[in-house]
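Visitor: Please take a close look at one part of this model for me. I would like to hear about its salt bridges.

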4 protein chains.
Amino acid sequence: MGTLSNTKVKVGIVGGTGYTGVELLRLLAQHPHVELVAITSRKEDGVPVADMYPNLRGHVDLKFQTPEQANLEQCDVVFFATPHGVAMSQVERLLAADVKVIDLAADFRLQDINAFEKWYKMEHSCPDVLRTVAYGLPELHREKIAQAKVVANPGCYPTTVVLGLAPLVQAANTLVDTQHLIADCKSGVSGAGKGASVPNLFAEASDNFKAYGVSGHRHQPEIVEQLQNLHGAPVGLTFVPHLVPMIRGMFSTIYARILPEALEVDFQQVFEQHYAGETFVDVLPAGSLPETRSVRASNKLRIAIQRPGNGDQLIILVVQDNLVKGASGQAVQNMNLLFGLPENAGLQHVAILP
Amino acid sequence: MGTLSNTKVKVGIVGGTGYTGVELLRLLAQHPHVELVAITSRKEDGVPVADMYPNLRGHVDLKFQTPEQANLEQCDVVFFATPHGVAMSQVERLLAADVKVIDLAADFRLQDINAFEKWYKMEHSCPDVLRTVAYGLPELHREKIAQAKVVANPGCYPTTVVLGLAPLVQAANTLVDTQHLIADCKSGVSGAGKGASVPNLFAEASDNFKAYGVSGHRHQPEIVEQLQNLHGAPVGLTFVPHLVPMIRGMFSTIYARILPEALEVDFQQVFEQHYAGETFVDVLPAGSLPETRSVRASNKLRIAIQRPGNGDQLIILVVQDNLVKGASGQAVQNMNLLFGLPENAGLQHVAILP
Amino acid sequence: MGTLSNTKVKVGIVGGTGYTGVELLRLLAQHPHVELVAITSRKEDGVPVADMYPNLRGHVDLKFQTPEQANLEQCDVVFFATPHGVAMSQVERLLAADVKVIDLAADFRLQDINAFEKWYKMEHSCPDVLRTVAYGLPELHREKIAQAKVVANPGCYPTTVVLGLAPLVQAANTLVDTQHLIADCKSGVSGAGKGASVPNLFAEASDNFKAYGVSGHRHQPEIVEQLQNLHGAPVGLTFVPHLVPMIRGMFSTIYARILPEALEVDFQQVFEQHYAGETFVDVLPAGSLPETRSVRASNKLRIAIQRPGNGDQLIILVVQDNLVKGASGQAVQNMNLLFGLPENAGLQHVAILP
Amino acid sequence: MGTLSNTKVKVGIVGGTGYTGVELLRLLAQHPHVELVAITSRKEDGVPVADMYPNLRGHVDLKFQTPEQANLEQCDVVFFATPHGVAMSQVERLLAADVKVIDLAADFRLQDINAFEKWYKMEHSCPDVLRTVAYGLPELHREKIAQAKVVANPGCYPTTVVLGLAPLVQAANTLVDTQHLIADCKSGVSGAGKGASVPNLFAEASDNFKAYGVSGHRHQPEIVEQLQNLHGAPVGLTFVPHLVPMIRGMFSTIYARILPEALEVDFQQVFEQHYAGETFVDVLPAGSLPETRSVRASNKLRIAIQRPGNGDQLIILVVQDNLVKGASGQAVQNMNLLFGLPENAGLQHVAILP
């Protein structure tokens with residue numbers, strides 16, 4: 001990169017027709033240091049992006065192109081907003097052309113290849129690349145991301161649960177029972193993506209609440225792997241995702257039993273110190289109750305700590321916009337780190353309320 | 001039919017997997033004079049209905065069957081809750097077995113075969129049957145329906161617009177300018193059916209409002225044909241449907257210019273007289289403003305008449321539940337007429353509010 | 001009561017302007033053994049009920065009356081759908097007139113008067129009556145209710161959590177760690193009542209998800225008291241309620257740690273046996289995931305049991321309609337028991353889906 | 001104002017606790033040429049703005065102040081986001097201190113004082129100021145606004161209907177029947193403001209659609225006055241507002257009868273020419289159907305022209321975000337004009353979709 005006043009990061013997006021794709025476009029179209037050069041969709045080849053996403057009319061002039069036409073090797077960085085398995089099939093070619101890669105799918109999230117292959121039901125095609133990848137949670141891995149060539153953008157649920165538990169499971173910590181953690185998580189429907197499916201129809205999902213994936217969800221092993229890395233020891237987690245009739249937003253209610261030796265700890269302070277100075281992680285004042293709308297369309301994640309009756313049950317409440325801090329905003333935050341830009345560049349939007 | 005105290009109407013349903021199908025099941029499961037004998041779905045063959053529709057657990061024990069297994073000829077009446085074109089392919093076989101037919105699709109709604117073939121893009125396979133059909137709007141065609149063997153259940157929009165304009169376009173009437181009627185209609189998303197489609201996803205349709213079909217919608221010729229039959233002369237109608245982010249409910253705002261010679265007419269009285277004694281059409285007191293929730297899950301249609309500033313613009317506001325009076329409830333009302341049952345049998349549910 | 005074929009239960013409702021009031025009216029208007037004789041509201045004195053609740057037009061002809069006019073002593077039973085504190089101020093007068101009382105508020109839910117006075121911030125005015133009250137959870141206290149003169153209709157959250165845990169905490173049971181139960185509960189907005197308040201505005205509550213009352217909620221001591229009565233020993237419960245952007249529906253996700261000596265127990269069977277034969281409690285097949293809409297506007301409560309990875313964490317998922325089984329439907333079920341009517345009389349509505 | 005590189009516009013807000021207030025704060029907090037100096041609320045005196053509006057945490061550090069403390073005379077401009085009647089009581093004092101005023105309420109929208117007093121039921125306290133006011137619709141009155149000291153920010157409905165009809169009613173135009181215009185308008189619930197009221201509760205307004213104000217609404221005379229100013233002759237308008245269960249968004253379906261002499265006119269071209277070069281008014285390509293979400297949280301207003309069957313009925317479809325182009329965004333646009341800033345400064349947000 002030259003000096004920032006002269007040069008912009010050239011960005012390509014593979015598979016920009018889904019919700020993380022349009023959200024990337026919204027954020028990048030307003031980013032002061034980015035030049036959008038290509039967006040690919042084999043199916044929508046030739047269609048102006050703004051025809052599919054009318055909110056982008058007047059902001060994005062690109063048309064969807066085939067990957068062949070798009071010449072992604074000219075980019076400084078390519079985002080994959082694709083189904084699982086696409087990024088790993090193209091990453092080596094891009095790395096060879098000195099293009100950095102940020103994958104919003106799961107191809108590089110799990111270092112445990114067996115777990116990956118079990119949960120995603122596909123063989124991993126580039127384990128060598130996988131070993132070099134940075135897990136893109138900037139608040140925990142800022143330096144590694146800045147040095148990386150490939151960033152695995154975390155899953156939406158893992159972002160809330162890992163950031164919500166990180167201060168408690170740090171290496172030396174003996175604060176809570178790490179064998180019986182519970183994450184009761186709730187997501188807006190956009191988390192299910194833009195694919196046509198009956199359960200996500202308005203007439204099915206509206207005025208309704210349900211759990212899903214209770215017997216097993218792909219984000220559970222991702223959370224556990226990250227927590228174990230932090231903790232340096234095995235971690236046990238019960239993870240129950242639920243679907244909320246709202247478009248955007250994620251709310252995680254996390255339960256951890258305080259160990260007898262930690263009953264005197266000031267957990268509010270533990271969290272405030274851990275996230276002091278972070279732009280995008282906001283530890284709310286003691287006694288607060290977060291709402292998802294307080295972060296709607298912004299890259300903030302807010303955390304509140306509760307301990308009813310000052311007992312041995314700690315409750316951590318975490319909110320984010322699943323499409324921003326839980327996906328595309330975090331991807332842009334990772335891009336900023338990759339290119340030495342201010343970490344908050346293009347990400348200072350105020351949340352939309354009401 | 002024997003005496004009602006001893007005998008129940010044997011009912012079959014073809015294609016019961018969509019929203020009009022499950023709504024028929026909800027109504028018929030509680031109907032005092034009905035025995036549900038078969039429901040068909042080739043795709044769901046063998047699946048208990050209650051597995052697909054958990055609200056029916058404990059109320060309906062049927063399984064979906066193939067049409068072959070279902071032996072629909074044993075029924076007294078068969079409802080078609082199918083895509084357009086299915087009923088007309090099976091109606092002759094059923095009539096031959098002395099089974100009556102109520103079609104919730106459009107196969108028999110338009111007497112004008114050219115219009116049918118233009119709008120539904122298929123050839124009509126049984127024009128002879130078509131000529132014998134009763135259009136199933138009981139408040140206008142009660143006697144014809146009672147005599148019919150095949151009933152064409154009206155479209156959801158036509159039910160509101162035809163009932164909303166009928167008192168004004170009756171044969172002798174010279175009340176309003178019938179060449180420039182406007183129906184600005186709004187429907188809940190369940191009207192689009194249960195097919196998986198991107199525009200009807202929660203994340204697309206929620207927190208959004210849009211028009212559709214402005215350049216042409218299949219219900220426009222149906223409304224016009226019915227109004228012309230009532231009026232005995234050509235009628236002009238602009239019809240603009242919109243999609244509302246709610247599951248059920250239809251609201252039609254109808255504009256009619258009062259003719260100079262009718263400026264002294266008491267239109268509130270015109271409507272009250274026209275619908276006096278009707279169980280399911282409720283003309284609200286002068287000055288009322290209806291809400292869709294006042295009829296949610298009930299077979300009522302409510303009408304209010306407004307005339308701002310006592311000028312020459314008449315506004316008729318009509319609400320119904322698109323799945324009940326706009327579809328399955330009206331179909332049951334037609335069934336009651338076909339079999340000499342009390343017209344309100346099984347249809348006396350109070351609307352759900354809130 | 002005379003014989004049922006001749007006589008109807010004469011019912012009065014005090015304070016029928018809120019959501020539990022209108023829901024009582026919806027259910028009682030269709031109840032085969034009920035005669036609605038009076039409904040009181042000092043504020044709405046003289047207003048037809050159907051003017052306030054247009055869904056009742058054509059179904060309920062009553063007007064609101066002052067309590068003085070209403071002559072509630074003529075009733076067989078009076079429902080209190082009032083703020084906390086009203087029922088206890090009137091109950092003695094009604095009992096003296098041989099009128100039974102069902103209170104939908106909290107006046108008689110807690111036998112522990114200290115807890116009542118702490119949580120509801122009012123003195124209890126009739127502790128003598130309180131000691132005779134039946135807690136109106138028919139599946140647990142059917143016989144006591146049938147003998148009672150006053151029934152305390154349970155809170156909405158307690159109905160789900162107590163029924164969801166009852167099979168696990170029965171006297172002799174050593175199945176789960178009863179000191180660390182967790183109930184992560186989610187309610188539709190109608191649970192907050194019809195009072196005008198900013199947080200419950202559409203523009204505040206829609207497209208949003210939040211927790212509330214985490215540091216303490218009135219239903220927590222109610223649940224604990226009931227569980228302790230069943231268990232015969234102290235019980236520890238963390239209770240976190242959340243607000244879901246839907247009108248009706250309640251979903252409770254309950255976490256219980258299985259004791260080492262119970263790891264071989266078939267918990268699906270425990271629940272199925274416990275609720276065998278119940279009309280309104282439906283234990284779903286193993287592997288099921290309930291949805292709130294499967295009980296919308298019906299008196300059913302559905303329970304599913306999950307045990308991820310066959311580990312030591314049991315998850316009980318419970319759904320109900322907070323206004324029906326969680327309030328007015330359960331109140332009618334209690335009335336049926338009080339008067340020897342079939343327990344399901346007037347309560348057999350199929351849930352509305354979609 | 002000095003040169004912009006050195007100086008920022010000092011902004012005060014009176015009454016910032018409502019939805020237009022928080023939206024002003026969202027926009028102004030991100031505006032490159034603005035310094036927020038004061039926000040008043042007598043009721044919330046001393047409360048940090050971010051405590052009431054958690055989306056502003058980290059973006060706005062102001063506390064609410066009493067008007068006395070706020071010293072609004074130090075500002076360059078003061079926005080009134082207050083109930084009707086407040087701005088006119090304070091405007092003269094501010095003008096005397098050389099402070100410009102933008103009123104988001106109705107105090108200065110109607111030049112016809114009789115109409116104002118009839119519809120708003122209060123006396124107008126400063127008719128002299130009223131005569132100098134610019135009506136803040138920049139696309140029609142850009143130059144007058146730039147010269148004004150007081151700007152009357154238009155109502156939300158008038159913005160859509162006046163901009164939707166302006167190209168048709170321009171002075172010389174004889175394109176449509178201007179005596180029988182119809183505006184069938186639909187608004188999200190935030191348009192009703194943040195006051196606690198039963199009809200706007202989630203449990204009342206969700207899953208429901210209704211009309212309101214059909215017999216008379218305050219925005220009707222405002223629209224008519226503006227159209228008559230453009231047309232130079234009387235205009236007749238039927239205006240029917242409806243409430244949509246969505247937070248933000250306004251959709252106006254406008255019907256105009258084409259005059260016989262104008263049947264050959266290309267109306268698409270009329271609109272495209274009229275709004276050529278406008279940043280915030282987007283005439284969609286022929287055949288388009290706009291959606292409210294395409295402008296959610298942005299200052300764009302989009303217009304589509306439809307003419308079914310190429311007949312004599314013209315339909316103009318207009319969408320905006322009622323809180324942005326319909327209120328606070330337009331107010332900022334007016335501020336930019338008042339201070340010679342680029343008209344789009346601080347207003348280039350991309351709409352949030354999904």
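Guide: The model is predicted. A search of the whole structure finds 68 salt bridges over all chains. Side chains of opposite charge can pair when their charged atoms come close.

Start in chain B. B:D282 and B:R302 form a salt bridge, with 2.6 Å between the closest N and O atoms. B:D282 sits in strand 12 (residues 281-283) and B:R302 in strand 13 (residues 301-306), so the pair ties together parts that are 20 residues apart in sequence. Both B:D282 and B:R302 are buried.

Move to chain C. Here C:E291 pairs with C:R293 in a salt bridge, and the closest N and O atoms are 3.1 Å apart. C:E291 has 14% relative accessibility. The cut-off for buried is under 20%, so C:E291 counts as buried. C:R293 is also buried, at 6% relative accessible area.

Chain D gives another pair. D:D184 forms a salt bridge with D:K186, the closest N and O atoms being 2.8 Å apart. Both of these residues, D:D184 and D:K186, are buried.

In chain A, look for a network. Salt bridges link A:E23, A:R26, A:R248 and A:D321.

Now the copies. The same surface serves both copies: 100% of the contact residues of chain C recur in chain A.

Methods
Residues are numbered from 1 along each chain as its sequence is written. Chains are lettered from A and ligands numbered from 1 in the order in which they are written. This is a predicted model: local features need pLDDT of at least 70, side-chain atom pairs count only at pLDDT 80 or more; totals for chains, interfaces and linings use all residues. Side-chain values use heavy atoms; hydrogens and water are left out. Contact means heavy atoms within 4.5 Å. A salt bridge is a side-chain nitrogen of Lys or Arg within 4 Å of a carboxyl oxygen of Asp or Glu. Helices (H or I, at least four residues) and strands (E, at least two) are DSSP runs, numbered from the N terminus. Buried means under 20% relative accessible area, exposed over 50%, partly exposed in between (1.4 Å probe, protein chains only).
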